[in-house]
Amino acid sequence: MKRPDLFFTALLVPMDALAIFAGALAAYHVRLLPFFTEWRPVIFDLTLERYSQLALPAVVLWVIIFAFAGAYRTSRRRLAEDVQTTLFASASAMAVIFALLFFTLEAFESRFIILVGWGLAVTLVWTERLLIRGIQNSLLFLGIGMRRAVLIGNGETGEVLRQTFETRRRYGIRVVGTFDAFGDETEKTLMQLARRSAIDEIILTDPNASRETLSRLRSFSDVEHLDLRYSADLFTVGSLRVDASTIAGVPLMTVKKTPLDGWGAIYKRGFDILLALVLVILFSPTLLFITICILFESGRPILFKNERVGEGGRRFLTFKFRSMRAEYSIGSQKGLGNQARAEKMEEELIRKQNMKHGPVYKIANDPRVTPFGQKIRKYSLDELPQLFNILSGSMSLVGPRPHQPREVDKYLPHHRKVHTIRPGMTGLAQISGRSDLDFEEEMRLDTFYMEHWSPWLDLKILMKTPFVVIFRKGAY
């Protein structure tokens with residue numbers, strides 16, 4: 001899912017709350033207008049401050065009911081469907097508010113304010129939602145936030161979708177290629193497009209496609225980090241996690257690779273930012289102490305920037321406290337030694353002292369590590385600067401361990417599935433054995449985490465991490 005889609009979906013929550021609260025405040029002031037006071041004098045004693053205190057819980061309740069009613073789905077919907085959902089949720093919210101007032105025996109002095117407030121809130125919510133939809137559609141008209149898709153299938157369904165996407169930009173999809181079937185040549189072409197970041201999703205429109213074709217497409221989309229949609233005629237594949245939508249009268253199923261699609265991603269990102277900020281503040285004395293120790297022991301650079309592969313196969317720089325002697329550290333940053341000599345030494349150490357099998361390596365008793373570096377590695381304190389990677393959005397608190405490009409180049413196709421989500425400072429593999437795990441076991445655990453993510457699983461991993469670090473199980 002494109003980030004603009006997530007942004008606009010998340011934006012609806014505070015904007016809806018503001019619109020509902022504004023409607024409530026407007027109703028209060030409308031009741032005090034001379035036109036209404038002359039018609040019916042005000043007999044209640046309710047200050048604006050007290051009224052606002054009563055209105056705020058009602059606003060929170062209203063937004064919660066909106067969420068349960070599906071008003072914050074991340075998939076784009078038709079205007080009529082959105083109107084229906086919002087009106088139903090608004091009516092339900094008002095019914096719940098009236099029920100609470102009745103059962104708690106709360107006497108509210110003005111039914112006029114409640115009814116007018118409901119009407120104004122619904123009007124403002126819809127004005128605000130139409131404005132956001134208009135901004136989103138305007139950006140799509142300008143080509144901003146469009147998803148690039150390829151259609152696979154040569155039937156009428158594919159032609160209807162292609163024409164619809166070309167004439168109606170509000171769907172946010174630009175067709176960049178069409179293929180009759182998914183075979184070896186098509187797979188090769190799509191792989192080239194995916195590696196150039198030229199496509200975002202695949203839409204299978206062939207109603208006669210076999211179960212094997214869809215399974216193969218699903219595996220391919222996982223490896224290349226592409227979204228997959230397919231015609232509802234293939235609904236028999238019930239083992240997939242899907243989200244249904246209708247475009248131009250054609251039912252399409254979107255295959256969801258992880259619960260972290262949509263609101264899961266929004267929640268996780270917000271949680272990462274909040275907790276990372278708290279941890280930066282709590283560990284600031286430790287960060288300062290380690291900085292001073294490294295400076296006195298071996299000078300600059302204090303931080304070591306190492307290139308890793310993250311979400312969507314994109315490369316980024318991880319931040320770590322430098323625990324090796326600068327002359328033996330490998331990287332492009334200033335202050336490091338002769339790279340040819342450093343790389344040659346590392347190759348020799350990997351050949352003689354590597355403790356792992358598979359694409360990744362672990363050097364036992366690494367002579368390049370400084371005495372203080374060994375101490376901070378023992379308790380993983382060298383990884384604390386990755387909190388800033390989390391704040392910048394390149395990493396998450398919990399997720400698969402990020403590996404170097406030269407290691408990722410040796411991945412088998414199914415290993416690349418873990419790049420569907422952001423890598424993490426800690427993860428299910430880390431609390432299950434840290435660096436002692438076999439590579440395939442690490443991949444299985446990371447894949448399990450990605451496919452079964454939940455907020456509770458994140459909390460469980462975060463709570464176990466300090467104990468694993470303290471007892472130094474499998475530390476690098």
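A residue is called buried when its relative accessible area is under 20%, exposed when it is over 50%, and partly exposed in between (1.4 Å probe, protein chains only). The model is predicted, so local features need pLDDT of at least 70 and side-chain atom pairs count only at pLDDT 80 or more, while totals for chains, interfaces and linings use all residues. Residues are numbered from 1 along each chain as its sequence is written, and side-chain values use heavy atoms, with hydrogens and water left out.

**Exercise 1. Describe helix H8, its buried residues and what covers them.**

Step 1. Helices (H or I, at least four residues) and strands (E, at least two) are DSSP runs, numbered from the N terminus. Helix H8 covers residues 211-224, 14 residues in total.

Step 2. The expected span of a helix is 1.5 Å times one less than its number of residues. From first to last C-alpha, H8 reaches 20 Å, close to the expected 20 Å.

Step 3. The buried residues of H8 are Leu214, Leu217, Phe220, Ser221, Asp222, Val223 and Glu224. Their cover includes E1, helix H7 (184-195), E3 and E4.

Step 4. After H8 comes His225, with a positive phi near 60°.

**Exercise 2. Locate His419 and identify its contacts with the hairpin of E7 and E8.**

Step 1. His419 lies in the loop between helix H14 (405-408) and strand E10 (424-426). Its relative accessible area is 7%, and therefore His419 is buried.

Step 2. Strands E7 (residues 303-309) and E8 (residues 315-321) are antiparallel, paired over seven bridges. Val309 is bridged to Arg315 in E8. Five residues separate the two strands of the hairpin, where Gly312 has a positive phi near 70°.

Step 3. Contact means heavy atoms within 4.5 Å. Leaving aside neighbours within four places in sequence, His419 touches Val309, Gly310, Glu311, Gly312 and Gly313, among others including His225, Val408 and Tyr411.

**Exercise 3. Find the relative direction of helices H10 and H12.**

Step 1. Axes are lines fitted to C-alpha atoms, for helices over the stretch in contact, and angles run from 0 to 180 degrees between N-to-C directions. The axes of H10 (residues 284-298) and H12 (residues 371-378) lie 10 Å apart, and the packing angle is about 155°.

Step 2. H10 is therefore roughly antiparallel to H12, a class that takes angles over 145 degrees, whereas those under 35 are roughly parallel, 65 to 115 roughly perpendicular and the rest oblique.

Step 3. Ile290, Cys293, Ile294 and Glu297 in H10 meet Pro371, Phe372, Gly373 and Ile376 in H12.

How values were computed:
Two strands pair if DSSP finds at least two bridges between them.
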